[in-house]
Amino acid sequence: MQIAIIGSGKVGSAIAHSLSGKGHVVALGVRDPMAAKVAAIADATGATVADPTTAAQGADIVILALPWGAAAAAVATLGDLRGKIVIDCMNPLGMVDGALALVLGHTSSGGETVQDWLPEARVVKTLNQVGAEIMADTAALPGRPVMFMAGNDPAAKEAVAQLLADLGFEPLDAGDITKARLLEPFGMLWINQAMARGKGRAWAFAAVDRHGAQGV
Ligand SMILES: NC(=O)c1ccc[n+]([C@@H]2O[C@H](COP(=O)([O-])OP(=O)(O)OC[C@H]3O[C@@H](n4cnc5c(N)ncnc54)[C@H](OP(=O)(O)O)[C@@H]3O)[C@@H](O)[C@H]2O)c1
């Protein structure tokens, strides 16, 4: 797959590292293609570097790894993403009453908002439920961590499930894009454990089935 990662911070670089050598062609879409930190990621992963629009236009899958507050403006510069798979791994975070919190929820979500911005793209919400360190290296865990995804297009979710498997996750389909309303608070649960409860960042959620259990 041709994959564009828009944003090369903690999440963007983690995904680039984890996808390296797994048969995908990865382009980093960045504001400053000459930045030394971007060159270092490209050198280490084999990714190419471009401006965000060029990277997105050349890709089958566009991964949004941007701060929520910058996302609307950044997405508006990416050009026509009709038919493309767009992975939204952003948590719609902001300060609420002096604390880090979701600024959307219950009746909407970041995932639905991204689908509204890009009505003809096939948005899949996922990769928002663990820290970037886990995304970079799932092999250090004793078992496969689970990663839920939500989106309206079954074929897009099939392609994303394969990508999640390549990243070392067990993909689980949570349903249509409205289920981002479940996945974003679930991401907050990880953040709360990591940052407020002292669990740290070196863990992930797993789905553990009883022997012989069948899905429905
Ligand atoms: N960090 C985690 O563990 C984690 C886990 C799950 C989900 N998330 C979510 O993933 C998203 C990214 O988080 P992060 O921790 O990777 O953030 P980050 O380290 O701050 O990186 C953000 C990236 O976005 C780029 N950027 C900002 N504004 C932009 C614009 N207008 N156009 C193009 N690029 C722009 C930045 O570019 P410059 O380098 O040029 O500033 C930077 O590369 C957030 O929504 C977060 O909620 C984070």
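**The pocket and its ligand**

So, starting with the largest pocket: 40 residues line it, and the ones nearest its centre are G9, K10, A65, L66 and P67. As for which elements contribute, α1, α2 (36–45), α4, α6 and α8 (180–195) each give two or more residues to that lining. Keep in mind that this is a predicted model.

Which element gives the most to the lining of the largest pocket? That's α8, with four residues. If you sort the lining by class, you get 24 nonpolar residues, 11 polar ones and five charged ones. And the space inside the largest pocket comes to about 1,100 Å³.

Let's move on to the shell around the ligand. Here we have 24 residues, and V11, R31, K37, L66 and A132 are the closest of them.

Among the helices, α1 (10–19), α4 (68–76) and α6 (132–136) supply at least two shell residues each. For the pocket lining it was α8 that gave the most, but in the ligand shell the largest share comes from α4, with three residues. By class, the shell is made up of 14 nonpolar, six polar and four charged residues.

At G9, a polar backbone atom is 3.0 Å from an oxygen atom of the ligand. With R201 we get to a side chain, where an N or O atom is 2.9 Å from an oxygen atom of the ligand.

And how much of the ligand's accessible area does the protein cover? On its own the ligand has 900 Å² of accessible area, and the protein covers 78% of that.

That's what I had, so over to you.

Definitions and conventions
Residues numbered from 1 in each chain as written. Predicted model: local features only at pLDDT ≥ 70, side-chain atom pairs only at ≥ 80, totals over all residues. Heavy atoms only, no water. Near = heavy atom within 4 Å. Polar contact = N/O pair within 3.5 Å; in protein donor to acceptor, adjacent residues only side chain to side chain. Areas by Shrake-Rupley, 256 points an atom, 1.4 Å probe, with all protein chains shown as cover. Nonpolar A, V, L, I, M, F, W, Y, C, P; charged D, E, K, R; others polar. 1 Å grid on protein atoms, 1.4 Å probe; cavity = no way out; pocket = protein on both sides within 12 Å on 5 of 7 lines; lining within 4 Å. Points joined across faces, edges and corners; volume = space filled by probe spheres on them.
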